[in-house]
Amino acid sequence: PLARAVRPPAASHNAYATQRSPPKHLRAAAAAMPSLPLSERCLMVLLITSNILNYIDRGIVPGASGAFDSFIEGSETTWGTSAAFGALTSAFIVGFSIASVVVGHLAHRVAPFKLCGIGLLIWCFSMLLAGLAKPLKSYALLITARALGGCGEAGFVTIGGPFIQDAAGAKQGLWLGVFYAAIPAGTALGYGYGAFVAQRWTWAAAFYAQGLVMLVPASLFLLSKDDGSRIVNRDQQPPSVKTELQALRRSKTFRWTVLGYAGYAASVIGFSTFGPSIVVGLGLWTDSVRASLAFSATLAISGALGTPLGGLALDAWTRKRENKLKAALEVSIATVGAGALLITPAAFARDRSWFLASIGLGTLPLFAATSPMNVSIFEGVPREHRAFGIAVATLLMHAFGDVPSPVVVGLLKDRWAPACAPDAHSRLGEACGVGSKQRGHLRAITFGLCLYFLTSLVFFGVARWRAARRVEDVVAEPPTVTPLLEEDG
C-alpha cells in the first residue's frame, strides 16, 4: 500500500505514453498540415530555448528602468512613476496567469505543442505592439502589449514542465532544473540586454528583435507531430473544468504548496523588478546601466548554477524515498530557508561588493528551489491533471504573489522614497542623499522583501506535514484502497 501512495515509476509513465494513439479529430487535424517528426529531446531543447527568450523579454523593462521611467513621465498616466512601472510587470503576469488556465484545460482537446506554437505567435505580435508604444508615446499600448505577451507565454510554460517531467525519465530533476534555469538566467541577460539596447538605440528595438527570433521556435512547435500523450490521457474523454477543479480541491497539499510558492514569488519578483533601481537609489552605483549589468551578471551566474543544482539535489534526495511529494517539499524548505538567510544582509550593505556577494549567495539556493517547488505541485495532483494543476497553481501563485508585489513595492517607493528613483540619466533627487530618511526607507523596503520569504517556509511546512500524513493514512487502509495519487487528485 505504501508504494501505491506515490507516482508510478518513470518506466510505467513511458509505456503509458507510447502505447496510445491520438483521437480521430487530432489525427485528422495533423494530417491536414505539414509536420516534423521532432524527437522528445529536441522538443525539450526547444522548450528551454523558448523559456530563455521569454525571460530575456521579462528583463528588458527592469533592465532599462530609467528609460521606461522617462517614457512613463512623458505619457498620459495618472499613476505615480514607480507604480506605473511596476504595473508593467503585473500586467504581463495577469495575462499569463489567466491564459495558463485556459491552455491547461485546452491541452485535453488540442495537441499541446500546437498550443505552444500559437501562444508564441501571439507573443511575437505583442513584441511588435510593445515596440510601437515608444514612437506613439502610449503607455496604454505598452501595458496592453505586456499583458498580451503574458498570454502568449502561457502556452509553452504550462505544457513544458509536465512534458519534461515524463520525457526526461530518471533525470527529470536535472532537465527541469535546466528548463527553470531560464527564469534567472534569461531575466539576468534581459537586464543587460535591455539596458544596452535602450542606451545604444531605443528600448523599442529590444522588443522588435525578440519578436523576430521567437518566430523560429513558434514555427517548429506548430509543425511538431507530437500529440501530447505524455501530458494528458488520450484514452479518456476530455474532462470538464468542474471535474479538474474538483480534482485539485481534493488534494491534501495543493493549496498549501501554492501559497508557499506565492510567498516566494512575491519576494523574488520584487527584487527582480526594482533591483537595479534600488541599488542606484542606495548609492551603491551612480549609473543605472552599470548597475543593471552588475545585477544581471550576478543573477545569471547564481541562476545558471543554482537552478540545475536544485534539480540534481531533488534527484538525489528523492531517489530512494517512496514519498516523492514529501521529499520535494523538504528540498523546497531547505533551499528557500537558506536563501532567505543569505540574502538578508543585502538590505544593509554599504558596499557594492558586499551587496553582490549577499545577492549571489542568497539567490543560489533560492533558484535551486524552483524545480522542487514545481515537482511538489506535479506530485500533488493526478497525472492527467498536471497541466491544469500547474496552470491553476500559476494563477493563484501570481494572484497572491508576484502580481500585487511589484505594484505594492512601487507604491511604497513612491510614498516613502520618491527621490530615490533614478531618472534616465541615473540622477537622484536631493532628498535621497547619504544618511537621508528616504534612503533608510528604501533599505526597509528591501528588508521587508527578505522577511517575506518566511511565509513560504510556513506554508511549505504545512504541506510537508500533510504529505507525510497522506502516506500514513494509506498504510492504515486495506490493500484494496484507491491509489492515493488518484484519491488525492
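This is a predicted model: local features need pLDDT of at least 70, side-chain atom pairs count only at pLDDT 80 or more; totals for chains, interfaces and linings use all residues.
Residues are numbered from 1 along each chain as its sequence is written, and side-chain values use heavy atoms, with hydrogens and water left out.

**Whole chain**

I found 20 helices and zero strands in the protein chain; helices (H or I, at least four residues) and strands (E, at least two) are DSSP runs, numbered from the N terminus. Of the 489 residues in the protein chain, 58% are buried, a term for under 20% relative accessible area, with exposed meaning over 50% and partly exposed in between (1.4 Å probe, protein chains only). I also noted that, among contacts between residues at least 6 apart in sequence, 84% join residues at least 24 apart.

Alanine 133 has its place in helix H6 (residues 112-136), and it counts as buried because its relative accessibility is 0%. Between alanine 133 and alanine 204 I read 71 residues in sequence and 7.8 Å in space, C-alpha to C-alpha.

Alanine 67 is in helix H4 (residues 65-74) and, at 24% relative accessibility, counts as partly exposed. Alanine 67 and alanine 195 are 128 residues apart in sequence, and I read 8.6 Å between them in space, C-alpha to C-alpha.

**Histidine 385**

I located histidine 385 in the loop between helix H15 (370-379) and helix H16 (386-400), where it is buried with a relative accessible area of 8%. Not counting residues up to four places away in sequence, histidine 385 touches Pro239, Glu244 and Ala247. With glutamate 244 there is a polar contact, side chain to side chain, at 2.8 Å; such a contact is a pair of N or O atoms within 3.5 Å, and within protein one must be able to donate a hydrogen and the other to accept it, while residues adjacent in sequence count only if both atoms are side-chain atoms.

Serine 358 lies in helix H14 (residues 352-368) and is buried, with a relative accessible area of 7%.

I then looked at how helix H12 (residues 288-318) packs with H14, and found an angle of about 30° with the axes 7 Å apart; axes are lines fitted to C-alpha atoms, for helices over the stretch in contact, and angles run from 0 to 180 degrees between N-to-C directions. H12 and H14 are therefore roughly parallel to each other, since angles under 35 degrees count as roughly parallel, over 145 as roughly antiparallel, 65 to 115 as roughly perpendicular and the rest as oblique.

**H11 and H18**

The axes of helix H11 (residues 254-281) and helix H18 (residues 437-451) come within 10 Å and cross at roughly 155°, so I recorded H11 and H18 as roughly antiparallel to each other. Among the residues of H11 that meet H18 are Ala266, Ser267 and Phe271, and the H18 residues in this contact include Arg439, Leu442 and Thr446.

Key: Contact means heavy atoms within 4.5 Å.
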